[in-house]
Amino acid sequence: MAVSKQALDELAISESEYEAIVERLGREPNHLELGLFGSLWSEHCGYKHSKPLLRLLPSDSPRLMVAPGSENAGVVDIGDGLAVVMKIESHNHPSAIEPYQGAATGVGGIVRDIFAMGAMPIALMNSLRFGSLDDPRNRYLFGGVVAGISAYGNCIGIPNVGGEVCFSDSYSGNPLVNAMCVGILKEGELLSATTGGAGNLLMLVGSDTGRDGIHGASGLASRTFEEERELRPTVQVGNPFMEKSLIEACLEVAKTDHIIGLQDLGAAGLTSASVEAASNGASGIEIDVSLVPRRETEMTPYEVMLSESQERMLVVIKPGHEDAVKAIFDKWDLQSTVIGRATNDGLARIFDGGELQGEPPVRTLTDAPQYRLQGVKAQWLTELQQYDLSALPLPDESPSEVLLRLLASPNIASKEWVYRQYDHQVQTNTVAPPGGDAAVLRVKGTSKGIALSTDGNGRLCYLDPFIGGMIAVAEACRNVSCTGAEPIALTDCLNFGNPEKPETYFQLEQCILGMAEACRALDVPVISGNVSLYNETQGEGIYPTPVIGCLGLLEDVRASVGMGFQNQGDIIVLLGASETESSAASLAGSEYLEISGGLVAGQPTLDIQSEAALQRACRRLVSEGVINSTHDCSEGGLAIALAESCIAGGLGAECGADTPLGTALAMTDKRWDAILFGEAQSRIIVSLPVDSQSALEGICGEEGVDWYRLGSVTDSRLSVAGMIDLQVAELEGVWRSALQEAL
């Protein structure tokens with residue numbers, strides 16, 4: 001072998017993969033060519049361990065406008081000559097090293113994926129995971145990530161309308177930073193990442209190229225962290241002001257007849273952008289790296305091709321139109337340089353001046369090996385699933401004390417400290433701001449609205465990857481359905497440990513299978529996404545954490561409702577449970593179980609057909625104007641959902657102690673902790689006028705959804721079945737202040 005194992009390790013290429021490269025080329029690759037293979041065959045770009053599994057996810061939809069995985073983002077038709085473009089991506093590893101720049105450039109990268117399709121970005125969301133805030137390092141990571149997201153998003157003028165933040169020791173040292181962006185596209189303006197035919201010109205636009213981010217795709221995102229490695233140079237540095245200019249300039253160019261395609265330079269930089277565009281265009285390329293503007297001296301062709309410097313786009317231009325395109329970029333003070341052209345020989349020829357540096361075939365570069373491994377269920381997982389939760393003693397604390405402690409948990413407490421740093425009103429589309437079940441935005445020029453949510457629960461996926469994968473999809477769609485919107489598309493970010501470990505591969509495979517089943521039952525396709533593997537630190541993997549971004553469509557945005565109780569005297573109804581959940585089994589993987597006893601155990605469950613019926617009923621109740629508020633029961637269970645609806649509405653709620661909670665409590669085998677804090681799925685709390693109860697009963701009957709009247713909305717207290725009786729002001733004070741106090 002002509003290259004050392006150390007050199008292969010630097011590129012995350014195995015010896016068998018190197019032998020495959022030699023066989024396909026018919027020769028040994030040179031240093032530059034090996035770098036190209038290292039990036040494009042990396043897990044981050046090549047999806048070696050995940051692509052065979054991702055094919056299991058359903059993607060069929062009459063709304064679908066591009067095949068999943070074929071472009072930078074997914075696209076769905078929403079009518080009125082408009083489409084929504086959406087994608088979620090991870091920037092986990094960079095954020096663990098440099099949280100501010102790692103998170104900021106994660107936002108910049110996902111935004112470029114959206115406007116590269118010709119769409120105007122209109123909303124950002126994020127899903128964040130950190131270790132316990134008791135650790136100073138985790139507090140530093142948390143603060144840096146939030147600051148990076150807010151600084152970049154606020155500067156480029158795209159509202160950050162919501163998301164989620166979770167904390168667990170599982171993510172200590174390896175935070176998850178998943179960024180989602182949504183854009184609006186007009187009919188006929190969809191762009192592709194393609195070179196088109198031979199002779200089209202390749203223009204590089206935006207920032208100068210530096211040495212930041214080299215080996216980001218192969219060396220950082222495709223293997224686990226090791227203590228002795230210095231990874232700081234692999235983190236990119238962002239410039240949001242240049243990104244703002246790029247957005248405006250690229251969208252202006254996209255509306256002309258001058259260009260064939262548009263592609264952003266993200267992971268693997270110029271290598272990935274040019275080679276993937278050539279692959280989409282079934283062409284070859286010629287690039288002269290000596291023409292690439294640089295901000296550092298003596299950069300080698302290897303460094304230029306693999307640099308991940310930010311705020312750069314590759315524009316494919318029709319011959320003879322380069323001056324007109326350059327004039328537009330000049331107007332926006334953006335540097336633009338023709339660096340190559342498309343060819344018809346299928347080779348990726350890289351020159352430095354007149355000297356050829358490498359010429360691997362495009363098809364070989366983009367044909368990364370794929371691995372379908374055999375997952376193994378760990379013995380400890382079976383033991384956790386069989387844990388007898390019914391044998392746990394009831395807490396010494398009163399139900400009111402437990403409620404207050406849960407409200408103070410960083411996983412449940414208000415995330416206002418986070419989202420008040422984000423501008424969620426810029427562009428003036430935001431109807432429902434951060435803090436609710438889902439964000440709602442108007443689609444200007446129409447009566448329509450879209451609802452957006454991001455959801456995932458690593459604890460539940462840890463306890464049962466299949467059921468946890470189902471629940472991730474179900475909850476994301478449920479939160480959108482709570483606004484009245486119909487879920488029409490999903491984007492996913494699959495965050496897992498080392499897939500080469502059989503137990504981790506089992507988690508990955510089972511989560512995807514569970515997600516696929518839920519997607520089919522809820523009739524919603526996965527249209528785009530990202531896989532982030534090797535999330536391990538010193539051999540310890542994170543919880544398996546599939547994060548689901550859901551897009552919902554409202555035909556009339558004015559019909560949407562929020563989670564807060566609205567009117568005193570409205571009745572409060574629980575939708576979706578066959579009885580008030582009181583079995584200890586509902587405590588599986590719950591926040592209560594971990595907060596009260598430091599325990600993550602049990603067997604999560606989900607009846608996906610009941611979930612589908614519940615969501616249909618909820619959407620009908622909203623669209624037909626029957627209900628005034630909706631809120632799903634998730635972390636913290638029924639009592640937390642009631643408290644949150646009280647706080648969000650600025651009112652109090654009194655849940656009648658006679659039925660059904662009183663009936664359930666009278667049964668000797670029931671547990672009050674499970675009734676109040678169990679996290680059984682497929683439950684939504686709604687409030688409605690008394691005279692609308694018959695309409696609710698009719699819709700629920702038609703959809704086969706059980707419902708129970710819990711009580712009524714009152715003025716200032718939350719009273720539940722004689723067990724909890726607290727002023728809403730006290731609940732709100734604890735809930736609003738807890739996260740900031742933890743910091």
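A residue counts as buried when its relative accessible area is under 20%. In this predicted model, F142 and W417 are both buried.

These two residues also form an aromatic pair. Across the whole structure, nine aromatic pairs are found. The ring centres of F142 and W417 lie 5.3 Å apart, and their planes meet at 45°, so the pair is tilted. F142 belongs to helix α8 (residues 136-156), while W417 sits in helix α17 (residues 416-419). The pair therefore ties together parts that are 275 residues apart in sequence. Ring pairs also join F142 and W417 with F130 and F167 in a cluster.

Another tilted pair consists of Y462 and Y543, with 4.7 Å from centre to centre and 40° between the planes. Y462 lies in helix α18 (residues 458-463). Y543 lies in the loop between β19 (540-541) and β20 (545-554). This pair links distant parts of the chain, 81 residues apart. Y543 has a relative accessible area of 11%, so Y543 is buried.

Five strands form an open sheet with mixed pairing, in the order β1-β2-β5-β3-β4. The edges are β1 (74-79) and β4 (160-167). Each has a single partner strand, so one side of each is left without a neighbour in the sheet. From one strand to the next, the twist averages 20°. Strands β1 and β2 (residues 82-90) run antiparallel and are joined by five bridges. V75 stands opposite V85 in β2.

Helix α7 (residues 99-115) packs on this sheet. The helix touches β2, β3 (120-130) and β5 (176-186). The direction of α7 makes about 25° with that of β5.

Notes. Residues are numbered from 1 along each chain as its sequence is written. This is a predicted model: local features need pLDDT of at least 70, side-chain atom pairs count only at pLDDT 80 or more; totals for chains, interfaces and linings use all residues. Side-chain values use heavy atoms; hydrogens and water are left out. Rings of Phe, Tyr and Trp (its six-membered ring) pair if their centres lie within 6.5 Å; planes under 30 degrees apart count as stacked, over 60 as edge-to-face and the rest as tilted. Helices (H or I, at least four residues) and strands (E, at least two) are DSSP runs, numbered from the N terminus. Buried means under 20% relative accessible area, exposed over 50%, partly exposed in between (1.4 Å probe, protein chains only). Two strands pair if DSSP finds at least two bridges between them. Axes are lines fitted to C-alpha atoms, for helices over the stretch in contact, and angles run from 0 to 180 degrees between N-to-C directions. Contact means heavy atoms within 4.5 Å.
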